Amino acid sequence: MRITISLSIVTFITTLYWPQLLNESGLLSCAYIIVILMCWPRCRYLTIVPITALYFSFYVYTTLFGINHSITTHNNTQVDNLLNNNHQSLMSFISENSKAQDNTITVQVKSLINTKNSGYFVARMTAINEQACIICPLIEMRWFRPTLIVQAGQVHQFKVRIKALQGKANPDGFDRQKWRYAQHIAYIASIKQHVMTIDSAISWRAKIYNHVLKLTEGLSHQGAIITLIFADKSLISVQDKNTIASLGIAHLFAISGLHIGLLFVFSFVLLYNLCKWVMPIHHLGWTSWRLANVFGLIVCIGYGYISGFSLPTQRALLMLLLSIIMLSSKRKIALFDLLFICFWVMLLFDPLAILSNSLWLSYTAMCGIVIFLWLMKGRQVPINQQLSWWQVLIAKSWLVVKNLLLLQLMLTLFMLPIQLINFSAVSSFALMINLIAIPLFSWVIIPVVLSGALFVLISDSISYSLLSLADHLLVIFFDYAEPFTNGYMALSDFSVSSLLSLLLFALLYLFSCLYSRFFVVSNKARYGFMGIFLLFCCVTWLEKAYQKQASWQVEVFDVGQGLAILISSDGQHLLYDTGPSYGEHYAVANSTLIPYLKAKGVETLDVLMVSHSDNDHAGGAKVIQNAFSVTQAFSGEASVLNASSVMADITQYQQCLAGQVIYLGQLTMTLLAPITLGKNNNDNSCVLKVSDGQHSVLLTGDISKKIEQKLITTQNAFYQEQKSSKLASDILIAPHHGSKTSSSEAFIKQVKPTWVVFSAGYKNRWRFPIQSVVERYQEMGVEHLTTAKTGFIRFNVQNQRIEVKTYREDLAAYWYHQHLAF
């Protein structure tokens, strides 16, 4: 049984690296393998592998796309629609309708709505164009200017435009597409019109939510309180979000096993003692603690309903249910076997949870706690009968403190590898902060908050008093913890690899020491192992140093409808444009550029060049200058950007002018435009040619055909004066994202690129790049790449050749980075 479950778990884990899900041929292959293994008695347990693969693929298809009535009436039609010979042309009843500009869909709202998220919510689709579904998928709804406030539980009909979920695909940044798939969301609907309200009744959860919103309206940390009760983070202030992330206590604000376990303990103790008080224990017999278990489970399920049955909550409830069943049935099972079974059942219940970081973090923490309890089992406080009562109390208190320290240290060590892999960051004060925060939240703040939410149904005054007390405690905690946010450190990929290698070395060395207790291990073998490890580290470091010297890179980020390009040579870096921003508090650079630059170990940008002042190019300029030291800054509209700056200590922009030359490592960068500034800000874009003497790239901003013609007519005299190469370049960043106002035939002939890159958003409203422009490049034999399809693009110029790699096809070619409807 253990082997079978282990093979199934391993198969689930391998799905993280599948290039695609099983298609029709994969189905048949799995069926053949199952038949063959079933005919081989000694290997029948291996059938769990193809069965798990089949189950995973079918679950993903049905969960993300749903099944409608017409599909279920014909089994063959169902298979043909879900899985066909060409995986890229996989169709569901949603993707078939998503080709149209307008669709009428019926949805039931799931998200809790407030004034901040009224234009962004999640709903469950029940019908599209009067075509109902049996298994209904979740869909992300976006409403630019909502005409009414919808509420959870209501059923509405909207006229929408549907498109497949296509998150920005960049290394080291937030993987939104993977995260959304883990949340069971695969489509986005942009609302054009509200057609009608089918059912205006809101859920009990929404009623309680609205009531608590009114009670907490004037509290300082309303967002944190709402998060702890309802798992709705939309009201948390930006400052609180940054503080929580920097302190490393985000797990305390995600309703999961900690909250569910705490509530179960309180409920169990309350009912168990109540039963003992009402009726003697010998009258109840074995039903006493079983009754308390069931009551605690019911209370936790009620809390799960209030929190919206989020996926972490579902997993916690499932583990709690399994544990209660095992304990109530008095089945003898080892703790490690219970953990193993719980993990397997969680994956069977929701295979898409394998994509979620929260699964690995919470499960690792739980394993750490179980291992700690196993190690500390049987240890009691040695009590000397001659000691006074206060001395005994001090001894017991010290043991509790010591155990908490050891537990927190073990949890920190257990979760450090996962935190490094997923976040590439660590807080130097995390251990100390969690020693204070976990008991404070577990035994004081969370019980007070939950009690306040419970009393909403009984007394507003008592509820308000409890919630105000929780807010006061949060104010005190955040005020005292604020200075420790400086301990948050973002680490480079090299630092993360070094730390993980060190942890692995320590683990292997510890294993060898334990192994030597039972078997003879010579010192020569240990020293040989240490020597091999050190040699591996030296070779890795030398290889990294050689790569820096022998190559330079052009990296185009996937920032949606915008532009951001990083050019690196000999440890120096140029950032050309910074992507868009949306509102005052969010710039795409925060989730794409900054994480990647930090991962590369970049602390200083030698050159920051913002082509012009449009938001899709300059939106992230302020956050970039706040995050990094900038040596030189240039812009085609320097006066506009300098005037908008509110910080006196940041580097001021210099005006881009044709003829300026900048050096970056082994590269020579020559500005070709603007020659003179005009009223059209697009035509004021900095046009930059970067060359190593043999290969080159041309960055063009948003210039129009007018500027292209000027570049053509003036290039001969200009280049003769500069003694430089001609306008021709190997790589061309398409002007103005591939609009019809640029990329003239004459300009393309002069540049003669091998590759052209269109940096544009997926299904953007301007439909960039324009199809006629793409065809113009194709007719001239130019290979085109679009960030909306490929994601992040890297051109690596090494040994006098150019190597191209894209995120979706080369760097992370996994099924969850390619929408299954394509």
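This is a predicted model: local features need pLDDT of at least 70, side-chain atom pairs count only at pLDDT 80 or more; totals for chains, interfaces and linings use all residues.
I started with Arg180 and looked up what it touches: leaving aside residues up to four places away in sequence, I found Tyr120, Val122, Glu140, Leu165 and Ile185.

I placed Arg180 in helix α7, which covers residues 176-182. Is Arg180 buried or exposed? Its relative accessibility is 6%, and the cut-off for buried is under 20%, so I wrote it down as buried. I also checked Gly167: it sits 13 residues from Arg180 in sequence, and their C-alpha atoms are 8.7 Å apart.

Next I turned to the strands. Which strands pair with β2? I found β6 (residues 155-164), antiparallel to β2 over six bridges, and β3 (residues 120-128), also antiparallel, with five bridges. Strand β2 spans residues 103-109, and five of its seven residues are buried, so I put it down as largely enclosed by the rest of the structure.

Then I looked at the nonpolar cores. The largest has 61 residues, and the members touching the most others are Ile105, Phe121, Met141, Ile162, Leu355 and Trp815. Helix α15 (residues 335-349) gives this core its largest share, eight residues. Apart from that core I found another, of 50 residues, including Leu112, Leu320, Ile324 and Ile445. A general reminder I jotted beside this: nonpolar side chains tend to be buried together in soluble globular proteins.

Conventions:
Residues are numbered from 1 along each chain as its sequence is written. Side-chain values use heavy atoms; hydrogens and water are left out. A nonpolar core is a set of buried Ala, Val, Leu, Ile, Met, Phe, Trp, Tyr and Cys residues joined through side-chain atoms within 4.5 Å. Buried means under 20% relative accessible area, exposed over 50%, partly exposed in between (1.4 Å probe, protein chains only). Helices (H or I, at least four residues) and strands (E, at least two) are DSSP runs, numbered from the N terminus. Two strands pair if DSSP finds at least two bridges between them. Contact means heavy atoms within 4.5 Å.
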